[in-house]
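I opened the model to look up its secondary structure, its cores and its sheets. My entries follow in the order in which I checked things.

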Amino acid sequence: MKYSFFTLALIATLIVPFTSCKKDNLETSPSEYVFTAEELAEINENFCSTMDENDFLGHDHESENSMVDDRGTGWKGKFWPAGQVLRVRFMNGSSALQTKVLNYAKTWSTYANVSFVKVTSGTSEIRVKFGTSGNNSFVGTDNLGISSSAQTMNLQLTDESPEINIRRAALHEFGHALGLMHEHQNPYVNISWDKPKVYAYYYETQGWSQQMVDKNVLNKLAFEPTQHTTFDIASIMAYSIPASLTTNGYSIPWNTELSTTDKEFIGKMYSGTRIKVRHAANISADITFHLNGISTTLKKNESILAPAKTTGNTLQIWECPNGCQWSSFYPTYGKKYKIVSASNNPNDLKLVED
Ligand SMILES: [Zn+2]
């Protein structure tokens, strides 16, 4: 069909933030690194981990696997509805610190049709606790599955924390609360890791086993559960990567502001301007399409309301009728579409009105 190649290679490099708090269950001790107390303090105040629903329910330490297994899923399905008002209850902390955190969280509302309001009682979707167990948060609508008496977000911040750390942690964790995952897990990412050093670094700084590092740092998210842009090195959801952890000197600093792509992406994910697309092709494989700067992957028979523009939409489908290619189609906002197979070749995909 029409071939406009989209550079799958766009993904050049990568990312990452990571985080966490668990220092037990050590299985290996590959450490060759010795960090200074200052380095460790800086690292620990910036790291973060997303949580799944088992994590605050009293089994912190059996959750090494469940935490990482589930953390990458659901980007596609865990965003709140457009216009959602998220009620935030702080479980401790000074009012000054609470105000700072909430104001940083509200930065997201500048770019997305979602808002945060502070409550002190009654129903809340997000419950924040300041403590020493690291920075972490449940992702998007997973917050609804947490007991109303339990925290959904932990911030390792105090009144003495540097302002830049408060800003980064609040923006990052509330990004998770809105449905965002770690940018270093972007399916398109491609980092030349120096794996022995990565294992040593995370063992030394976070106490992570090689298995945890594989799942939390080195492995990418699968396409199917996620919706994503190409890799954004400037994302607040990216972790810092020291150049010493890559084989080519690639590095990422601690990002402390929302990137241009963060703002655009969250705006699109909370926009009501969408085009419905359904996987109706005669193949069992997932189908990935690219629309309005966002890649989405559908399982067979799955449909989704994908963020779109009101005019001038180009939808590219990754298909492999012979060789693989991106094929372009031009859907109209206000209509519904399905991806189907050509009659003579099920792998020859096209977009038609549904
Ligand atoms: Zn995080």
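Entry 1, overview. I counted seven helices and 15 strands in the protein chain. Helices (H or I, at least four residues) and strands (E, at least two) are DSSP runs, numbered from the N terminus. I number residues from 1 along each chain as its sequence is written. This is a predicted model, so I took local features only at pLDDT of at least 70 and side-chain atom pairs only at pLDDT 80 or more, while totals for chains, interfaces and linings use all residues.

Buried residues make up 43% of the 354 residues. I call a residue buried if 20 or more other C-beta atoms lie within 10 Å of its own, exposed if 12 or fewer, and partly exposed in between, with C-beta atoms placed from the backbone. Of the contacts with a separation of 6 or more, 75% are between residues 24 or more positions apart. A contact means that the C-beta atoms of two residues, placed from the backbone, lie within 7 Å.

I listed L97, V101, Y104 and A105 as buried in helix 3 (residues 95–105). Seen down the helix axis, these buried residues fall within an arc of 105°, so they line one face of helix 3. The arc is taken over the directions from the helix axis to the C-beta atoms. S95 and A96 are exposed on the other side. The cover over the buried residues includes strand 3 (115–119), strand 4 (126–130), strand 6 (153–155) and helix 4 (163–177).

In helix 5 I found V198, Y199, A200, Y201, Y202, Y203, T205 and Q206 buried. G207 follows helix 5 and has a positive phi, near 70°.

Which residues have the most contacts inside the largest nonpolar core? They are V101, A170, L178 and Y202, in a core of 60 residues. A nonpolar core is a set of buried Ala, Val, Leu, Ile, Met, Phe, Trp, Tyr and Cys residues joined through C-beta atoms within 7 Å. Among the elements that each supply at least two residues of this core are helix 3, helix 4, helix 5 and helix 7 (260–269). A second, separate core has 15 residues, including L291, A306, A308 and Y337. Back at L178, I set aside its neighbours within four places in sequence and found contacts with F79, W80, W108, V114, G140 and I266.

I traced an open sheet of four strands in the order 11-8-14-15, with mixed pairing. Strand 11 (303–307) and strand 15 (345–353) are at the edges with a single partner strand each, so one side of each has no neighbour in the sheet. Two strands count as paired if DSSP finds at least two bridges between them. Strand 8 (residues 274–279) runs antiparallel to strand 11, joined by five bridges, and R278 has S303 of strand 11 as its bridge partner.

Another open sheet has five strands in the order 7-10-9-12-13, with antiparallel pairing. Strand 7 (227–228) and strand 13 (325–329) are its edge strands, each pairing on one side only. Two bridges link strand 7 to strand 10 (residues 294–298) in the antiparallel sense, and H228 has S295 of strand 10 as its bridge partner.

P225 sits in the loop between helix 6 and strand 7. With 17 other C-beta atoms within 10 Å, P225 is partly exposed. P225 and G77 are 148 residues apart in sequence, yet 7.7 Å apart in space, C-alpha to C-alpha.
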